[in-house]
Amino acid sequence: MSDLSAQKCEACRADAPKVSDEELAVLIKQIPDWVPEVRDGIMQLERVYKFKNFKQAIAFTNKVGDMAEEEGHHPGLLTEWGKVTVTWWSHSIKGLHKNDFICAAKTDEVFAK
Ligand SMILES: C[C@H](O)[C@H](O)[C@H]1CNC2=NC(N)=NC(=O)C2=N1
């Protein structure tokens with residue numbers, strides 16, 4: 001279990017600070033399979049998970065959804081045949097909060113189980 005995946009998301013208010021470039025550089029090392037990407041001007045974390053078929057992909061999607069509900073923090077999920085694209089960002093601050101790194105690490109744990 002990584003240090004991040006052991007943590008819980010905190011309530012993220014609209015005035016919460018986005019992670020700085022320096023913080024991002026430290027945090028991304030703990031989730032090396034995730035790629036920071038700017039989409040529509042918003043920094044996000046993205047990872048594509050591969051599966052053998054659609055059934056496994058939708059089962060994983062649902063497990064990630066359950067984890068998101070527990071954390072009160074919700075990803076973008078694109079489920080296709082044999083793959084799921086998971087995208088984390090914080091809507092309330094239009095960018096990345098530590099919550100997104102925590103949830104990315106927890107998503108890796110859901111995949112590993
Ligand atoms: C009211 C509720 O707690 C908020 O809207 C939460 C829900 N889930 C969320 N998920 C994400 N990814 N970003 C948010 O800002 C967010 N806000």
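Start by selecting Ser20: this residue is partly exposed, with a relative accessible area of 27%. The model you have open is a predicted one. Ser20 sits in the segment before α1, the helix spanning 21-28.

Next, select Thr87. Look for strand β4, residues 83-88; Thr87 belongs to it. Is Thr87 buried or exposed? Thr87 counts as buried, because its relative accessibility is 7% and the cut-off for buried is under 20%.

Stay on Thr87 and show side chains. Which side chain makes a polar contact with that of Thr87? The partner is Glu46, at 2.8 Å. Now show the other contacts. Beyond its neighbours within four places in sequence, Thr87 touches Arg39, Gln44, Leu45, Glu46, Pro75 and Gly76.

Move on to the ligand. Select the residues around it: Gly72, His73, His74, Trp89, Ser90, His91 and Ser92. Colour this shell by type, and you get one nonpolar residue, six polar and no charged.

Now zoom in on the backbone. At Gly72, a polar backbone atom is 3.4 Å from a nitrogen atom of the ligand. At His91, a backbone N or O atom lies 3.1 Å from a ligand nitrogen. At Ser92, a polar backbone atom is 2.9 Å from an oxygen atom of the ligand. Taken alone, the ligand exposes 390 Å², and the protein buries 55% of that.

Methods. Residues are numbered from 1 along each chain as its sequence is written. This is a predicted model: local features need pLDDT of at least 70, side-chain atom pairs count only at pLDDT 80 or more; totals for chains, interfaces and linings use all residues. Side-chain values use heavy atoms; hydrogens and water are left out. Helices (H or I, at least four residues) and strands (E, at least two) are DSSP runs, numbered from the N terminus. Buried means under 20% relative accessible area, exposed over 50%, partly exposed in between (1.4 Å probe, protein chains only). A polar contact is a pair of N or O atoms within 3.5 Å; within protein, one must be able to donate a hydrogen and the other to accept it, and residues adjacent in sequence count only if both atoms are side-chain atoms. Contact means heavy atoms within 4.5 Å. A residue is near a molecule or strand if one of its heavy atoms lies within 4 Å of it. Accessible areas come from the Shrake-Rupley method with a 1.4 Å probe; for residues, only the protein chains shown count as cover. Ala, Val, Leu, Ile, Met, Phe, Trp, Tyr, Cys and Pro count as nonpolar, Asp, Glu, Lys and Arg as charged, and the others, Gly among them, as polar.
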